[in-house]
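The sequence and the structure come next.

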Amino acid sequence: GELVTPLDVKTKLYLVVVPAKGGCNTGECFKNYDAFPQTPVEGGAERIIENLSAGKIDGKDFYNALYPAACIVNPAIKSNFEILSSLSPSALFMSGSGSCVCAVYPTPELCLWALDKVKRKCRGAFVTETLSGNELKPKPFFTRSLYSRDE
């Protein structure tokens with residue numbers, strides 16, 4: 001997770017991010033991982049890059065094999081996933097080994113709408129967006145703000 005490779009994709013993703021209360025112990029998550037049968041995923045990273053480069057968001061591309069294991073370690077992950085799923089995102093996925101659940105929407109306005117719905121149940125939820133390669137160039141001051149309605 002410490003190596004980040006910028007991708008030249010034209011599709012901007014707007015996300016509602018919901019942290020799991022209590023987080024998810026990575027070691028415990030990986031211990032539970034082997035207990036689940038693994039289903040091969042078609043396409044993998046290559047397919048999501050191809051689709052995003054073509055301007056297409058396919059919810060099936062967003063997949064994390066650690067999800068079942070993470071839900072055992074912290075049931076809040078499954079609860080957050082179900083809450084966001086009920087708000088009809090374009091895509092839904094768990095980050096890393098379960099620290100957050102992320103819902104993808106086509107516009108910032110829909111993200112703010114979803115954030116308004118989840119903030120009562122999910123403290124710490126916030127909205128963000130992906131950055132393109134030219135937006136990642138060093139700037140003298142940090143100018144991008146995150147939208148948050150965690151009052």
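Helices (H or I, at least four residues) and strands (E, at least two) are DSSP runs that are numbered from the N terminus. The model is predicted, so local features need pLDDT of at least 70 and side-chain atom pairs count only at pLDDT 80 or more, whereas totals for chains, interfaces and linings use all residues. Residues are numbered from 1 along each chain as its sequence is written, and side-chain values use heavy atoms, with hydrogens and water left out.

Just after helix H2, Gly55 adopts a positive phi of about 80°. Within H2 itself (residues 44–53), the buried residues are Ile48, Asn51 and Leu52, where buried means under 20% relative accessible area, exposed over 50% and partly exposed in between (1.4 Å probe, protein chains only). Seen down the axis of H2, these buried residues fall within an arc of 95°, so they line one face of the helix; the arc is that of the directions from the helix axis to the C-beta atoms. Glu46 and Glu50 are exposed on the other side of H2.

A positive phi also occurs at Ser88, about 50°, although Ser88 is not a glycine. Most residues other than glycine have a negative phi. Ser88 lies in the loop between helix H4 (75–85) and strand S2 (91–94).

With a disulfide defined as a pair of cysteine sulfur atoms within 2.5 Å, the count comes to zero. The sulfur of Cys24 is 4.5 Å from the closest cysteine sulfur, in Cys29, which is too far for a bond.

| Residue | Relative accessibility | Class |
|---|---|---|
| Cys24 | 15% | buried |
| Cys111 | 0% | buried |
| Ser88 | 61% | exposed |
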